[in-house]
Amino acid sequence: MQQASDYELELLRVIWENGGSALYAEITAALEKKGIIWTKNTVIMLLSRLMDKKLLKANKIGHRNKYTAMVSEEEYQSEQTECFLNKIYEGNAKGLVTTLIQKELLSAKDYEELKKYWQNGGDSYE
């Protein structure tokens with residue numbers, strides 16, 4: 001799976017938040033709510049790039065396009081996390097967790113919740 005740029009990811013998030021698909025007008029309205037004002041050309045270019053990367057598809061509805069995510073947010077996060085882990089930590093998850101703890105990005109509460117998750121065999125989180 002190809003990686004989305006930061007701007008492309010912003011569009012994907014809007015589409016995921018909208019149930020996995022959205023019309024252009026819904027996308028721009030959601031962006032505006034977030035304080036993001038892009039030109040029509042910018043949005044269309046980013047949507048096009050996402051389609052080229054097979055992360056998005058477009059279906060015609062009359063004269064409008066409905067954009068649908070080809071992957072869920074969870075699938076994308078999982079794939080990108082695994083790529084990051086392999087690229088930066090050579091697949092060593094312990095190294096990643098150690099860094100998170102050392103930089104205080106993983107709190108004691110987070111650690112305890114993860115510990116419960118593992119003890120429950122991955123059945124529940126939190």
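A nonpolar core is a set of buried Ala, Val, Leu, Ile, Met, Phe, Trp, Tyr and Cys residues joined through side-chain atoms within 4.5 Å. Buried means under 20% relative accessible area, exposed means over 50%, and partly exposed lies in between (1.4 Å probe, protein chains only). This is a predicted model, in which local features need pLDDT of at least 70 and side-chain atom pairs count only at pLDDT 80 or more, while totals for chains, interfaces and linings use all residues. Residues are numbered from 1 along each chain as its sequence is written, and side-chain values use heavy atoms, with hydrogens and water left out.

Start with the core. The largest nonpolar core holds 21 residues. Those with the most contacts inside it are Leu 11, Leu 12, Ile 15, Ile 27 and Leu 47. Helix H1 (6-17), helix H2 (24-33), helix H3 (40-52) and strand S3 (64-69) each bring at least two residues to this core. H1 supplies the largest share, 6 residues. Helices (H or I, at least four residues) and strands (E, at least two) are DSSP runs, numbered from the N terminus.

Now look at Leu 11. Setting aside residues up to four places away in sequence, Leu 11 touches Ile 27, Leu 31, Trp 38, Val 43, Leu 46, Leu 47 and Leu 50. Contact here means heavy atoms within 4.5 Å.

Ser 21 sits in strand S1 (residues 21-23). Ser 21 counts as buried because its relative accessibility is 17%. Apart from neighbours within four places in sequence, Ser 21 is in contact with Ile 15, Lys 66, Tyr 67 and Thr 68. Thr 28 belongs to helix H2. Thr 28 also has 17% relative accessibility, so Thr 28 counts as buried. A polar atom of the Thr 28 side chain lies 3.1 Å from the backbone oxygen of Ala 25. Such a polar contact is a pair of N or O atoms within 3.5 Å; within protein, one must be able to donate a hydrogen and the other to accept it, and residues adjacent in sequence count only if both atoms are side-chain atoms. From Thr 28 to Ala 69 the distance is 41 residues in sequence and 16 Å in space, C-alpha to C-alpha.

Next comes the largest pocket. About 300 Å³ of space lies in it. Its lining has 15 residues, and the closest to its centre are Gln 3, Leu 9, Tyr 76, Gln 80 and Phe 84. H1 and helix H4 (73-89) each supply at least two lining residues. H4 gives the most, with 8 residues. A pocket, on a 1 Å grid over the protein atoms alone, is an open set of points where a 1.4 Å probe fits, with protein on both sides within 12 Å along at least five of seven lines; lining residues have an atom within 4 Å of a point. The volume is the space filled by probe spheres set on the points.

Finally, turn to the loops and a helix end. Lys 54 lies in the loop between H3 and strand S2 (56-61). Lys 54 is not a glycine, yet has a positive phi of about 65°. At 62% relative accessibility, Lys 54 is exposed. Further along, Asn 92 caps the N-terminal end of helix H5 (residues 93-102). A side-chain oxygen of Asn 92 lies 3.0 Å from the backbone nitrogen of Lys 94. Just after H5, Glu 104 takes a positive phi of about 55°. Glu 104 lies in the loop between H5 and helix H6 (108-119). Its relative accessible area is 70%, so Glu 104 is exposed.
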